[in-house]
Amino acid sequence: MTDRSLFAKNPSVLIFLACLGMFTLGVTVFSEAFGSGLISTSFVKTLGKTLCLCLIALAMDLVWGYTGILSLGHFAFFGIGGYMIGMWLMYERTRDIIVTSMAGQEIPPTESEITAAIGNQIFGVVGSSEFPAIWAFSHSLTLQLILVVAVPGLLALVFGWLAFRSRVTGVYLSILTQAMTLALALYLFQNDSGLRGNNGLSGLQNLPGLDEVPQSVVSVWFLWASAAALGLGYVFSAWVVSGKFGSVLRGIRDDEARVRFLGYSVEAYKLFIFTITAVIAGIAGALYYPQAGIINPAEIAPIASIYLAVWVAIGGRGRLYGAVIGAAFVSLVSSWFTGGQVPSIPLGFYTIDWVDWWLVLLGFSFVMVTLFAPRGIGGLFDLWTGHMAPARHGQDLGPDAGSLQEQEADQ
Amino acid sequence: MSTLLEVSGVSVSFDGFKAINNLSFQIGKAEMRAIIGPNGAGKTTFMDIVTGKTRPDEGRVIWGDKSVSLLKMSEAQIARAGVGRKFQRPTVFEDQTVFDNLLLALKKDRGPLPVLFYRRSAEDVDKVHALAEEIGLTDQLDRKSGELSHGQKQWLEIGMLLAQEPQLLLVDEPAAGMTPEEREHTTAILVEAAKTRAVVVVEHDMEFVRRLNCKVTVLHEGSVLAEGSLDHVTSNKDVIDVYLGR
Ligand SMILES: Nc1ncnc2c1ncn2[C@@H]1O[C@H](COP(=O)(O)OP(=O)(O)OP(=O)(O)O)[C@@H](O)[C@H]1O
Ligand SMILES: [Mg+2]
């Protein structure tokens, strides 16, 4: 029983990677840019975005499904990741445009004139033209990429340290994370936050310097990048939860006091997993928003993080593929319903319009899953593998029969 | 014999009710001690104080050669310092296998990074198997511990306690739910452990206590009522009145 390789211990990782690879290949083959064009560019983007949502769902599963911390703030980290990459995209592209348009002038523009023009262009909507201090690194892709992981990571580290150190748990912790998200969203809504207030950052789908590359191609590139990130995230998560570390996490979820009495510093573990998942969320956001094209503070609103919890619950928390399935399934079905493509149901006295009623349906499904199928969609795989927990109704069988499985004892 | 743990003048009250009242207690490095007393005497609360779960209102808890105070340490730090505990109600990680439970308890670096990069060595696996052998759970290693019987969970928790290799074992009612043979085996394990380390056993079963063959402390209303050999304390009039005579 010494350690086998990660893949030998978790055959599901290889299956998942194979499915993901086939999916990516399939979409590429049917895309407008590289294949038959059966899948429209906008749908390729939807699928690419869905992969990013699957990645953040993995993070949520690590922190909630495995460690029992119901964070209602991970979409804040996702949004921050998006803002960080968005700053570079917007700055660099605006600069390209300005430099091109100024090139025709008789006197070549000075560097400070260019900067002023970029500032004017970007911040005109909020009545300013000065670059706020937080844009200091926006000229550098490398620095902004570092910020994609550093800002969510640091925020999670500080917030987590304060919260876990004072042993805030359960509902109170959820409320606290929710408050953090709300505070961040409200701050970003202000025009003088330096991130264009409720206008957010836009035009993110255009990659600077690659104007001649059509969106149909860019969309597939991002699909590949998102798939790669999801694949890596999955392998990483599987590695984290499969060994002794995962054992400690599940111990914390089930009985955190007991873990403490074994000598493990529960707070350090929580902080570790909270921070690492915030970083994963940031990366997912940085891949998502260039595909969405726009990011604004509404994306960070508390409701987004609640959706995240709903996806993971419906997919089946405490198993990685459950989180992925939940995010993919619910978000795709959700965009189908809210996209107005689902026919309304006329009841004579009232017409059910799914754009309005979808949320009700989702909420209802959530309640149903929580009550009757706590293992979620992922639980269906147990039926297939026959890997069921014994239905012992919480009772010990007693000293003698206790070592028997229930069905053995029944015989 | 040098002292391993010294508790002196400790009091704690819950909502005005004094659960522990000016309690003093000492135990040496390789000593077995039984604590008996009626329900609500404060036996479990005493263990809560030593392990850092409950903070006393006053008093001192001094540990080890360096005479450090346990009162300033967190539960995890106290456990790492060498205090192991078995709970009154068996608490094991029900969702995990017996093997994983024991591996989790095995004395190893407890920091997040070493644990993240931990790889099972053949040596550790052997240790787990040896422990499983000792607690009679070899055949159950791959079974989820939630599927075990009450007695087996007790065993598993004793195994986890031994896996930690603590200097002080606090054992709260270990024999509850066990058959007579199992009790005998528990006694043997505890007596063996007490040869090299300190063991404090809380137990209601007098037969069990007698077989431990050690000094006995009687608690009543949060303080020590009597202390000495079992025969000595059981012939004490106060003890008969509050505990045995009922
Ligand atoms: N956290 C708490 N809050 C309030 N009262 C408590 C708390 N913990 C213990 N008590 C009270 O302190 C007293 C001592 O309890 P304790 O559990 O230490 O008794 P015990 O000697 O272990 O009894 P038993 O033999 O039944 O296990 C009891 O009256 C109990 O109700
Ligand atoms: Mg007790």
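I started with Glu75(B), which counts as buried at 9% relative accessibility (buried is under 20% relative accessible area, exposed over 50%, partly exposed in between, with a 1.4 Å probe and protein chains only). Glu75(B) is found in helix 2 (residues 75-81) of chain B; helices are DSSP runs of H or I with at least four residues, strands are runs of E with at least two, and both are numbered from the N terminus.

I note the ground rules here: this is a predicted model, where local features need pLDDT of at least 70, side-chain atom pairs count only at pLDDT 80 or more, and totals for chains, interfaces and linings use all residues. Residues are numbered from 1 along each chain as its sequence is written, chains are lettered from A and ligands numbered from 1 in the order in which they are written, and side-chain values use heavy atoms, with hydrogens and water left out.

**Entry: neighbours of Glu75(B)**

I listed what Glu75(B) touches, leaving out residues up to four places away in sequence: Arg167(A), Arg260(A), Phe261(A), Thr51(B), Gly52(B) and Lys53(B). Contact means heavy atoms within 4.5 Å.

**Entry: the A–B interface**

I looked up the contact and found 36 residues from chain A and 45 residues from chain B. The area buried between chain A and chain B is about 3,800 Å², with 57% of it from carbon and sulfur atoms; buried area is the accessible area (1.4 Å probe) that two parts lose on being put together, summed over both.

I found three salt bridges across the interface of chain A and chain B (a side-chain nitrogen of Lys or Arg within 4 Å of a carboxyl oxygen of Asp or Glu). In one salt bridge, Asp95(B) meets Arg253(A) at 3.0 Å, N to O. Helix 8 (215-242), helix 9 (244-261) and helix 10 (266-292) of chain A each supply at least two residues of the side that touches chain B. Helix 9 of chain A gives the most to that side, with 13 residues.

**Entry: the magnesium ion**

Which protein atoms are the donors of the magnesium ion (ligand 2)? I read off Thr44(B) (OG1) and Gln88(B) (OE1), 1.9 to 2.3 Å from the ion. Donors are N, O and S atoms within 2.8 Å of the metal (3.2 Å for Na, K and Ca); water is not among the atoms, so sites may look incomplete. Thr44(B) is partly exposed, with a relative accessible area of 26%, and Gln88(B) is partly exposed at 38%.

**Entry: salt bridges elsewhere**

I searched the whole structure and got 24 salt bridges over all chains. Arg33(B) pairs with Glu227(B), the closest N and O atoms being 3.1 Å apart. Arg33(B) lies in strand 3 (residues 32-36) and Glu227(B) in strand 10 (residues 223-228) of chain B, so the pair ties together parts that are 194 residues apart in sequence. Arg33(B) is buried at 2%, whereas Glu227(B) is partly exposed at 34%.

Lys237(B) forms a salt bridge with Asp241(B), with the closest N and O atoms 3.0 Å apart. Lys237(B) and Asp241(B) are four residues apart in helix 10 (residues 237-244) of chain B, so about one helical turn separates them. Lys237(B) is exposed at 57%; Asp241(B) is partly exposed at 46%.
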